[in-house]
Amino acid sequence: MNGIYKLIQEWSILERALAFVLIAPLAGGMLAGIDRKVTARLQGRYGPPVLQPFFDVLKLLRKERIIVNKFQDFPIVLFLFFTIFSGALFFAGADLLLTIFSLALAGTFFILGGFCVSSPYSHLGAERELIQTVAYEPMIILTAVGMYQVTGSFKVADIAQYHGPLVLSLPGVFAGFLYILTIKFRKSPFDLSMSHHAHQEIVRGITTEFSGPTLALIEITHWYETVLLLGIVYLFFAFNLWLAIGMVTAVFLFEIFIDMNFARFKWQLTFLSTWLFTAVAGASNIILLSLMRR
Amino acid sequence: MNALIFLIVFPLVISLLARVVPHGLVIKNIIGVCANIALCIVPIYLLVTYLNRGPAYFNLESKALDIGMFLVELFVAFYIVYVSVRSKRYLPIFLAAAQLLVMVTLEFNSHGMHVEHSLFVDKFSIIMALIVGIIGSAICLYVIGYIPEYYAHHKKLQDRRNYFSFLMYLFLSAMFGIIFSNNLKWLYFFWELTTVCSFLLIGFKDDKASQESAFRALNMNLVGGVVFATGLVCLYSSSGVMELDKLLRLDKGVVLLPAVCLAFAGMVKSAQFPFCSWLTGAMVAPTPVSALLHSSTMVKAGVYLILRVAPVMENTLAAKMLILIGGVSFLITALIAISQSNAKKVLAYSTISNLGLIVACAGLNTDAAVWSALLLIIFHAVAKSLLFLCVGVIENKLGSRDIEDMDYLIMRLPRLTAIMMTGMAGMFLAPFGMIISKFITLKAFIESNPVMAIILAYGSAATMFFWTKWMGKIMSIKHGVTEVIEHKVSRWEWVPLCILAVTTVLVCLAFPFISFRVIDPYLLEVFGKTPVVDTFNILIVLIIMLGMLIILPLGLLYYAFVNKNYKRVGTYLGGGNIDNITFEGAFASTQKIEMKNYYLEKYFGEERLFNVGVFVSLTLTFVMFGAAVI
């Protein structure tokens, strides 16, 4: 493992970015499979095979392209493209803020896709997705701010190389990030815009009018995003490789556990609680940190 | 120097011509077009001439000119008294009198005052001149197409279109005066001129609502003017200086109070809390007025002055208060904008929000902060004027400026919507325009002021909210035929819209050039250093931008014409579709669907947040003055 780590560090920026583009969907798909398996076991079911997400996507890709307007697939393609781009930036070690803004751009395209089909269900989903985005965005920016305060750099490469345990300086920021990670992973209680749990969904939220190959793209984008977000979790523990991998796994399982135990919140509660938690945990952490550094 | 005088005097001449030459003549349009071209070219000429040169100061002293300006000031004061008496409002009379009193005191105390350099030009002035010249003249061009339609919609109004053009060009002249004046008395003179012009333009429609808004704007700006004049008296009595460049070289302890007074006047003009209600009220005026006030004149004059005097306040408590006032304005107006469905009001709040960010940067006054402030000024001016002009067209075509009425706009006015989306992308989408500046602003604030970083994080999210839902609204597409009403848009409106749309894109692409060749030299003059911007980041940003510029049109063409491999169905409505917006529901009932956006009135309602902003910022303002006095 350490050997692999060394090897990765010797790679150039482009090589690392390329590695993300190729490996992330495989890893993300596997994670999605594990997610489903664990969820099923927790519910006392047997669950699908771990590779099931790949079969699903392959099947979706072969389906007929059914649309309601000619341009609806374009925002989704851009959504995928910019998510890959932000992930590549992140794993290449570039600027964390740039990654975040690029990811926000990707998310905006997804929302616009939901709006442009002008179906009432998808409109509602897009509106909710927007509220979710607004809810989590401050915390994501504050995560980058906090990391900068500790390490003195926005570069992912520098943050990853930082010698001290980031999480000990940023416990509040880490807690806040965990909170919004539930939104980003589209897990209950924050899966307002589209849910994997059919029993709490009005039709299919923002993806109502997306089917076949386009739905496959949305799924793949989610895989990429999962890997990118777990990468940010990794940064909090980057001082020790094994601990970091352990914590990333723990966080992933924790999100599944949260998903199991909550029913969907109303959007009001989601929005307010997220902003409140961001202020209480994230913002206070950042202010304290800057006071301590004076 | 001739170019500077030309830029101040030429619009004045044109404004008089516009007043005299009767409308409807072809010659008038020709004069207008030629004048606008000249107003675009001269600032570019200035840029080229001074690209490799430092600031230049010019001596221009004339007793006659001073007396002339004083007479105009007198006339303006009496005019304000006259209109106020006529409409039975007494606050402006009091303020105008106070202002006049202060100015007369200054005039009598300053016998033998020697002003060495009355005019000056540096990179910052040139940036402003380009904004005023290019955007201002694009708006004036738009007026030619807009005004006839405006009168067609408001048949009862008395036709005063000559008067309208007169005021627009006068405004531009005053703006050029502000940005080139080194003599503070001149600066004050032009400052007051913009106040009066904005008052007359906002009240142009001459009904009850616009009178109300016009007087509100007048009152607030007169308060700013009184404080400005008081600042000048303080400055002159304590140091005997009446020039901007000398003011900056004086001992900071001595000139802090005058600087704070000037910054306060700037705050009023740039509509920061607690004075932001005049700008939101100003939307009753015809759209070109809003475009002019919001983008290239008035509010930009405010931040211009604040940025100019900011070095005096650096690292003082007053500056910290200024940062917070900017921050509060930025955050609260961004939140209020979420709750607004009136397109012009959304634009107005977004303007205040962006200006708040600029004011906060000015308060911080480090090289990086000023760098992003200047970029914000540029990007905001271009994109915001474009958006206002688009809303003006939409209002005339749809008969409404409510965002909720803009469903399927992309089908009804396709090209206009495309232009509008360019402007919106410039306002909030990474990596275009504003977001680059926000990025640097965030970096500038983290070190010194983490509270601002937090405000920025929340404010950015709010900004994204109201832009995205608006953008989603106008780009929704339905099945079936919709009447295209675009051919009714006049050529006089298309040309400025296209100019501004192209400018928006060009400014984004040229941002490395603007940064390295124009802003960095300016910062070098002021701070002796320039912010270190990561070239790799700039490269990435440019790659994304270029990528978007290539991918977006190609992608749209591909999906429009090439990709034929699809089966098209109606949207899912939860019943049997009758057409795209009606379906057959239970018991064979016909149901109609309607889609509305979320406005979250309960959380971000105007009344609620507005008062919070006023309370907080009023307190901060008093602390700012207190800090300057002690």
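A crossing of two helices is called left-handed if the near helix is turned anticlockwise from the far one by less than a right angle, and right-handed if clockwise. The structure above is a predicted model, in which local features need pLDDT of at least 70 and side-chain atom pairs count only at pLDDT 80 or more. Residues are numbered from 1 along each chain.

The term pLDDT stands for the predictor's confidence in each residue, from 0 to 100. Chain B averages 88, and 99% of its residues score at least 70. The model as a whole scores ipTM 0.95 and pTM 0.94.

Helix α18 (residues 414-428) of chain B packs against helix α20 (residues 450-474) of chain B at an angle of about 165 degrees, and their axes are 11 Å apart. Angles over 145 degrees count as roughly antiparallel, so α18(B) and α20(B) are roughly antiparallel to each other. Their crossing is left-handed.

In chain A, 67 residues are in contact with 64 residues of chain B. The area buried between chain A and chain B (accessible area, 1.4 Å probe, lost on being put together and summed over both) is about 6100 Å², and carbon and sulfur atoms give 77% of this area. On the side of chain A, A:Arg65, A:Lys70 and A:Phe74 lose the most area to chain B, together 11% of what that side buries.

Terms used
Chains are lettered from A and ligands numbered from 1 in the order in which they are written. Side-chain values use heavy atoms; hydrogens and water are left out. Axes are lines fitted to C-alpha atoms, for helices over the stretch in contact, and angles run from 0 to 180 degrees between N-to-C directions. Helices (H or I, at least four residues) and strands (E, at least two) are DSSP runs, numbered from the N terminus. Angles under 35 degrees count as roughly parallel, over 145 as roughly antiparallel, 65 to 115 as roughly perpendicular and the rest as oblique. Contact means heavy atoms within 4.5 Å. Buried area is the accessible area (1.4 Å probe) that two parts lose on being put together, summed over both.
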